[in-house]
Amino acid sequence: MDKRFLFRLMALLIIPALILTACGGGAVPEEQQEFVFGIVLVGPRNDRGWSQAHYEGGLFVEENMPDSRMIVFESLNPADKPEATLEGVVDDMVADGAQLVFTTSDEFEEDTVGAAEKYPEVTFISISGDDAWEEGRDAGVAPPNLGNLMGRMPDMKAIAGCAAALATETGQLGYLGPLINFETRRLAASAFLGARYCYDEFRGLNPDDLEYTVTWIGFWFNIPGVTLDPTEVTTNFIDSGIDVVLSGIDTTEGIVVSGQRADQGERVFAVPYDYVGACDEKPEICLGVPFFNWGPDYLEMAQSVQDGTWEQDFEWNEAVWDSLTDRSVTPIGWIHGPGLTDEWKADLETFIDGLASGDVVVWQGPLNLQDGTTYLEDGEVATDQQVWYLPQLLEGMEGPSE
């Protein structure tokens, strides 16, 4: 081959590269890498309740974290997708690039531990679990890539109970519960304690005369042939004289049925749960809604995983009390419902101010469990563990504890 041709060829290859380097063009910035996160829902993303709140939390991350992408798996439950497993869902998410996975039900807690052990390079957040809690009963169970997150909903449930106590004329409240476990007992009990406080403090009535009935349907939402039908349970509540229905399930039957009965001329109110827009089902009979707002915490966790600063933790996060309706900051909140009168609203705001300042403590003795056993001595304030691990319903609550 002619040497002059070789020299010309080398010049064509080398000289442009030298020029590019001299001009600073050799430092080509790397493209921003996509951050992929998964969310596993126990129900559909549009249930107007628990699962929709999580889905919208994921949307908040996508809107506020550049180059992030959410993978969603809906309705992982025995009724809708009996063949699906959490492990299989996680396998698919990891194969699609997921670096962070939120599992959003205590139904998934045990399987999340197994998934985290299988994929140590992926971060897992188990919602409502306690495996990463050093003071928890399952301390030491969580692998180092598994954390827990939950909003301190007992505070908001106490507000819900207060609103119910302000509105009732019959002195009968009904709590529509899902399945029975530590979480559901503490939430039902928190609403009960808030109701007792406000029945006494603002109504001047004997809290021992307040009737509070809990009916558990058997799961987080209706599964025909498996659970009690929440529509029938709510109907039975109202037929028995209950005039305020508080919901603890993932879906909206409590307010829907109450609204139908109100349309028939009956005086009945409802307090839905989980989702910020739940009052929209029947605004005029809605006293308010205690809601979860997962976006800010999800965003913080996603960013920490991306930048390598995430550390295992158990987070039971309280409300931003002066911003209970600000979804950019507070992890849980309360929205006044259109069904509140001005008087009820004023009393409720006084109660909320007391909770926020610490002047009002509803989890304070004397408190007995349903079987009469002393749970808190007179003046004793419950620890986080005593609230989280409530073993029974409280004395004065009607309904099974197990």
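User: Is Arg152 buried or exposed, going by its relative accessible area?
Analyst: Arg152 is buried, because its relative accessible area is 18% and buried means under 20%, exposed over 50% and partly exposed in between, with a 1.4 Å probe and protein chains only. This is a predicted model, in which local features need pLDDT of at least 70 and side-chain atom pairs count only at pLDDT 80 or more, while totals for chains, interfaces and linings use all residues. Residues are numbered from 1 along each chain as its sequence is written, and side-chain values use heavy atoms, with hydrogens and water left out.

User: What does Arg152 form a salt bridge with?
Analyst: Arg152 forms a salt bridge with Asp384, with 3.1 Å between the closest N and O atoms; the term stands for a side-chain nitrogen of Lys or Arg within 4 Å of a carboxyl oxygen of Asp or Glu. Arg152 lies in the loop between β5 (146-151) and α5 (153-167), and Asp384 in helix α11 (residues 384-388), so the pair ties together parts that are 232 residues apart in sequence. Helices (H or I, at least four residues) and strands (E, at least two) are DSSP runs, numbered from the N terminus.

User: And how many salt bridges are found in the whole structure?
Analyst: A search of the whole structure finds 16 salt bridges. Among the residues involved, Glu34, Arg69 and Asp96 are linked in a network.

User: OK, what about Arg48, where is its partner?
Analyst: Arg48 forms a salt bridge with Glu281, where the closest N and O atoms are 3.4 Å apart. The pair links distant parts of the chain, 233 residues apart, with Arg48 in the loop between β1 (35-40) and α2 (50-64) and Glu281 in the loop between β9 (269-271) and β10 (288-292). Arg48 counts as partly exposed at 24% relative accessibility, and Glu281 counts as partly exposed at 30%.

User: Which residue does Asp263 meet in a salt bridge?
Analyst: The side chain of Asp263 meets that of Lys282, at 2.7 Å from N to O. Asp263 is in helix α8 (residues 253-263) and Lys282 in the loop between β9 and β10, so the pair ties together parts that are 19 residues apart in sequence. Asp263 counts as exposed at 55% relative accessibility, whereas Lys282 is buried, with a relative accessible area of 14%.

User: Switching topic, where does Glu311 lie, and why does it count as exposed?
Analyst: Glu311 lies in the loop between α9 (295-307) and β11 (314-317), and Glu311 counts as exposed because its relative accessibility is 65%.
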